[in-house]
Amino acid sequence: SFKDDGPVFTTELSVVAEGAVQVDETNLAPEIGVSATGTDSVLDYALEVGQDGGTPDIALRIEGTGLLDFTTTSGKAITLVVDPLDNNLVHGQYVLTAAVEATDEVEAVAAVMADAFTVSISDTGYLTVTQFVALDHPEEATLVAGDINSYDEAINLDGYLTAVVTVTDGDGDKVLQSIAIGDQISFKDDGPVFTTELSVVA
């Protein structure tokens, strides 16, 4: 007999905080957006693939419906959608132009979707986030009781995204582990700020 030695994780999959990514709306440019890539892999694990060889594939999985609890600044709902051709890529989409139902006089028109942001992860675990439109940061800086801090807070994808590491060896054996990474992806506000001291003009 000939005993197989399929792939095996030798440690539990864990999150590396140094691999977190934050984009800042201060640098948001029309059409181009603002992008940031992690300085380290957001994932840490060890594995043995055995004599059959094999490499890990890292994918993003959406948890729940993907409908986020924050919107664009204009109030458009955002839903996470996995790219149909690339499991490393997730789109945060909103309705740019609403669908039109068919009538006797008008043909049906499908809704036009647009990206509020995208999140991707490489097969080495590096995150890249690109933001295209301003997002609504629900905590308002009201100035009440000295509240001047929340004009520049961040929101994140905690509870919405999971990384899945799958290893397939040369004769088709598979193992996988998954871990939540949404809290490692955040979007920083850029509330109004005075760039000079207020002064009197005589």
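This is a predicted model: local features need pLDDT of at least 70, side-chain atom pairs count only at pLDDT 80 or more; totals for chains, interfaces and linings use all residues.
Six strands build an open sheet. Their order is E4-E12-E11-E10-E9-E8, and the pairing is antiparallel. Strand E4 (34-37) and strand E8 (67-71) form the edges, each pairing on one side only. On average, neighbouring strands of this sheet are turned by 25 degrees against each other, direction ignored.

Within the sheet, strand E11 covers residues 112-121 and strand E12 covers residues 127-131. The two strands pair in the antiparallel sense over five bridges. In one of the pairings, Val119 has Val129 of E12 as its bridge partner.

Strand E12 also holds Gln131. The relative accessible area of Gln131 is 0%, so this residue counts as buried; the cut-off for buried is under 20%. A polar atom of the Gln131 side chain lies 2.9 Å from the backbone oxygen of Val133. Other contacts of Gln131 reach beyond its neighbours within four places in sequence. Val23, Glu25, Leu28, Gly33 and Val34 are among these partners. Ala116, Phe117 and Phe187 are also in contact with Gln131.

The count of salt bridges comes to one. The side chains of Glu63 and Arg61 form it, at 3.0 Å from N to O. Glu63 has a relative accessibility of 27% and is therefore partly exposed. Arg61, at 37%, is also partly exposed, because this class lies between the limits of 20% for buried and 50% for exposed.

How values were computed. Residues are numbered from 1 along each chain as its sequence is written. Side-chain values use heavy atoms; hydrogens and water are left out. Two strands pair if DSSP finds at least two bridges between them. Helices (H or I, at least four residues) and strands (E, at least two) are DSSP runs, numbered from the N terminus. Axes are lines fitted to C-alpha atoms, for helices over the stretch in contact, and angles run from 0 to 180 degrees between N-to-C directions. Buried means under 20% relative accessible area, exposed over 50%, partly exposed in between (1.4 Å probe, protein chains only). A polar contact is a pair of N or O atoms within 3.5 Å; within protein, one must be able to donate a hydrogen and the other to accept it, and residues adjacent in sequence count only if both atoms are side-chain atoms. Contact means heavy atoms within 4.5 Å. A salt bridge is a side-chain nitrogen of Lys or Arg within 4 Å of a carboxyl oxygen of Asp or Glu.
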